[in-house]
Amino acid sequence: MVSVSGRGAPRRQPLPWRLLVGIVKQLRPSSCMAIIDFAAVARALIDDIERAGGRVLLGAEVTSIANGEQGCSVTVERGGEQTSHTFDHLIVCAGLQSDRIARMAGGAAYPKIVPFFGQYSQLAPEHRTILNGLVYPVPDPAYPFLGVHLTKRVDGEMLVGPNAFLSFGRENYSGWRIGLKDSLEVAASPSFWKFAGQNRQAAVQEVGAVLSRKKFLAGAADYVPSLKGATSTPITRGIRAQAMDRQGQLLDDFVIENIGSATLMRNAPSPGATSSLAIAEHLVETMGKHLRFTNVTSHG
């Protein structure tokens, strides 16, 4: 299998099995594959939770976790008031804050989260019909980011992106709200500098796409030639919660840590949203196994 490569010769080395499976799925037409409005999916999930008697607290910051063998107590601050909530077992899926929340619960120092932003652009209306579906490049196995691809939204708009570059802040969605604490934490991390030293060439390529929208679109025009000369408008960026180990390696697989009465989702690689329901099933199964093991050891 040969792919377009911006770094010289086409890539011909064997690809990971899970990547090959994904590519085959993309090449084969399927009646069960589609684009969705994930905000609508999230609202439907909230409705399900509330109908089942659960509560969803928005705008609540977790300030502490008391994690023991008999349960977890979570303290949150919301609207200037602090409240505590007690659970028999806690599942933490905190995304960009997953390492910090994990440490509150007594989790390991690594993996740490390093935020990378991905900028998308919306193509001009005359380019809405250039594709009927999605176009993805074959990823570089040595680099965890997928690369610029084309996505047709449910409203018919055509998006190009994302690029991938270090975000100066875990919540810096605008690009201008620099998170000083987050940036200093990255700068003080030896593992980040190990990663940076190993990926200088990729960083140079990505910074060009960040500074120049023309170069950004040129990456997609390599495999959709009709995009040459296209115009686009930047839209809100996304920020990827990229987990990094002590050696400066970016993790591309799931990391789940069980400690006390908590199950901690330390890394959920892309496509996390697409796989969210399957991930939830796996976490519940993992929690069940952990609880059964804990009960056996405590009684035996």
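## Largest cavity

Lys112, Ile113, Val114, Pro115, Arg170, Asp182, Glu185, Val186, Ser189, Ser191, Phe192 and Met244 line the largest cavity. A cavity here is a set of points on a 1 Å grid over the protein atoms alone where a 1.4 Å probe fits but cannot get out; lining residues have an atom within 4 Å of a point. The model is predicted: local features need pLDDT of at least 70, side-chain atom pairs count only at pLDDT 80 or more, and totals for chains, interfaces and linings use all residues. Residues are numbered from 1 along each chain as its sequence is written, and side-chain values use heavy atoms, without hydrogens and water.

The largest cavity holds about 80 Å³ of space. β5 (112-118) gives the most to its lining, with four residues. The lining has six nonpolar, two polar and four charged residues. Asp, Glu, Lys and Arg count as charged; Ala, Val, Leu, Ile, Met, Phe, Trp, Tyr, Cys and Pro as nonpolar; the others, Gly among them, as polar.

## Salt bridges at the lining

Asp182 and Arg100 form a salt bridge (2.7 Å, N to O). The term means a side-chain nitrogen of Lys or Arg within 4 Å of a carboxyl oxygen of Asp or Glu. Asp182 sits in helix α4 and Arg100 in helix α3, 82 residues apart. Asp182 is buried at 14% relative accessible area (buried is under 20%, exposed over 50%, partly exposed in between, with a 1.4 Å probe and protein chains only).

Arg170 pairs with Glu185 (3.2 Å, N to O). Arg170 is buried at 2%; Glu185 is partly exposed at 25%.

Technical notes: On a 1 Å grid over the protein atoms alone, a cavity is a set of points where a 1.4 Å probe fits but cannot get out, and a pocket is an open set with protein on both sides within 12 Å along at least five of seven lines; lining residues have an atom within 4 Å of a point. Grid points are joined across faces, edges and corners, and a volume is the space filled by probe spheres set on the points. Helices (H or I, at least four residues) and strands (E, at least two) are DSSP runs, numbered from the N terminus.
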